Amino acid sequence: MFERPASGERAVVVQLDLGQGGLDERLSELKLLASSAGATVEATVQGRRVAPDPALFAGRGKVEEIGEALRAYDADLVIFNHALSPAQQRNLEKTLEHRVIDRTALILDIFALRAKSHEGKLQVELAQLSHLATRLVRGWTHLERQKGGIGLRGPGETQLETDRRLLGDRVRLLKSRLTRIEKQRHTRRRTRERRDVFSVSLVGYTNAGKSTLFNALTRARAYAADQLFATLDTTSRRMFTGTENIVLSDTVGFIRDLPHALVAAFHATLEETARADLLLHVVDASSEDREAQIGAVNVVLEEIGAANVPRIEVWNKIDLTHATPAVVRDDCDRIERVFLSARTGEGLHLLRAVLGDTAEAFVAEPNSGFRSFSTDTNHSEPPQPGSATLSYDK
């Protein structure tokens with residue numbers, strides 16, 4: 001397990017320009033992640049490289065600058081906004097004589113803090129162990145072999161081998177428990193399918209306002225806060241649009257460069273998203289980085305097999321942009337996105353109408369399928385509000 005940062009820990013954050021673009025947004029996001037984990041960002045070290053240094057990622061000169069910042073601010077740890085190899089992390093910790101974590105470890109730590117349900121805790125632990133497995137080092141140099149005794153002498157195994165074996169046993173146990181939970185979820189899903197219940201999943205970048213929208217539509221009391229990864233455990237509620245019942249699910253938020261260990265561990269939960277009848281892709285309309293965030297969500301949706309699930313973009317937080325509540329259609333008269341504010345309630349009636357029409361079409365012909373919605377990321381400003389009816393295949 002990773003040692004969880006305690007409240008008040010001081011951090012030096014590192015962001016290098018490797019040609020990926022959007023550096024200001026990436027750095028701002030890293031600071032939010034650090035804050036969510038309980039760290040206080042005392043200093044920022046930036047630089048530019050053509051490619052990462054194989055040994056230290058940042059290069060000898062930049063590492064010395066990081067060391068100076070650590071001493072100047074009496075910081076406790078260094079957070080890289082990049083994925084470090086096990087060797088790079090060990091070399092950095094040896095050189096700086098401070099704890100060094102990368103973006104993956106930071107996100108895993110936040111997930112560990114946020115997980116509340118039994119399943120969520122199992123999934124996070126599995127992801128942490130999968131990440132830790134690549135970082136086991138020989139920490140027992142004084143014991144080359146475990147001590148034997150009378151009747152126990154022999155080749156034995158190194159402490160590193162023991163650690164790997166115990167870790168492997170724990171991973172297998174976690175996977176077994178998660179498999180049982182997945183079977184239970186599969187049974188519930190088959191029951192819903194037999195009843196022809198229309199299922200809708202909220203997806204989107206972390207802190208886009210999914211839980212606030214979920215509460216506004218279902219009158220639920222799911223935890224919603226202005227922080228990254230406020231929601232980890234999937235919550236489902238029924239909502240009535242006036243003519244049809246819908247099962248609406250609030251899911252974990254996505255983020256750019258989402259650790260693969262997390263995607264694998266949360267596979268069963270994310271599979272619910274791939275099996276939904278419709279996805280509502282919630283977008284933070286007030287974010288200057290919204291196009292990159294939309295792209296990051298689309299990448300994760302493709303990775304979990306949900307790229308072909310019909311979706312509608314919901315541009316949230318229009319109260320911060322002074323946009324008009326509206327329904328935007330594409331050239332084929334299909335609904336492409338809805339502009340609203342989940343916090344103030346502006347435009348919620350438009351989304352309810354869209355969901356009602358979609359659910360009616362599903363109930364009428366549940367096996368017909370809906371035409372794919374556009375996922376083009378070239379967006380325009382909303383036109384005047386129009387009627388909220390949805391085209392579907394008959």
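Good morning. Because the model is predicted, local features need pLDDT of at least 70 and side-chain atom pairs count only at pLDDT 80 or more, while totals for chains, interfaces and linings use all residues. Residues are numbered from 1 along each chain as its sequence is written, and side-chain values use heavy atoms, with hydrogens and water left out.

Let me begin with His 82. This residue sits in the loop between β3 (77–80) and α3 (86–96); helices (H or I, at least four residues) and strands (E, at least two) are DSSP runs, numbered from the N terminus. Is His 82 buried or exposed? With a relative accessible area of 8%, His 82 is buried; the term means under 20% relative accessible area, whereas exposed means over 50% and partly exposed lies in between, with a 1.4 Å probe and protein chains only. Beyond its neighbours within four places in sequence, its contacts (heavy atoms within 4.5 Å) include Leu 16, Phe 57 and Arg 103.

Phe 57 leads us to the aromatic pairs. Rings of Phe, Tyr and Trp (its six-membered ring) pair if their centres lie within 6.5 Å; planes under 30 degrees apart count as stacked, over 60 as edge-to-face and the rest as tilted. The whole structure contains two such pairs. Phe 57 belongs to the loop between β2 (39–48) and α2 (60–72) and Phe 80 to strand β3, so the pair ties together parts that are 23 residues apart in sequence. Both Phe 57 and Phe 80 are buried.

What kind of pair do the rings of Trp 315 and Phe 339 form? Their centres are 5.2 Å apart and their planes are at 50 degrees, so the pair is tilted. Trp 315 is in strand β9 (residues 311–316) and Phe 339 in strand β11 (residues 335–339), so parts that are 24 residues apart in sequence are tied together. Trp 315 is buried at 4% relative accessibility, and Phe 339 is buried at 3%.

Seven strands form an open sheet in the order β6-β7-β5-β8-β9-β11-β10, with mixed pairing; two strands pair if DSSP finds at least two bridges between them. The edge strands, β6 (235–240) and β10 (326–329), each pair on one side only. Between β9 and β11, which run parallel, there are three bridges, and Trp 315 stands opposite Phe 339.

Thank you.
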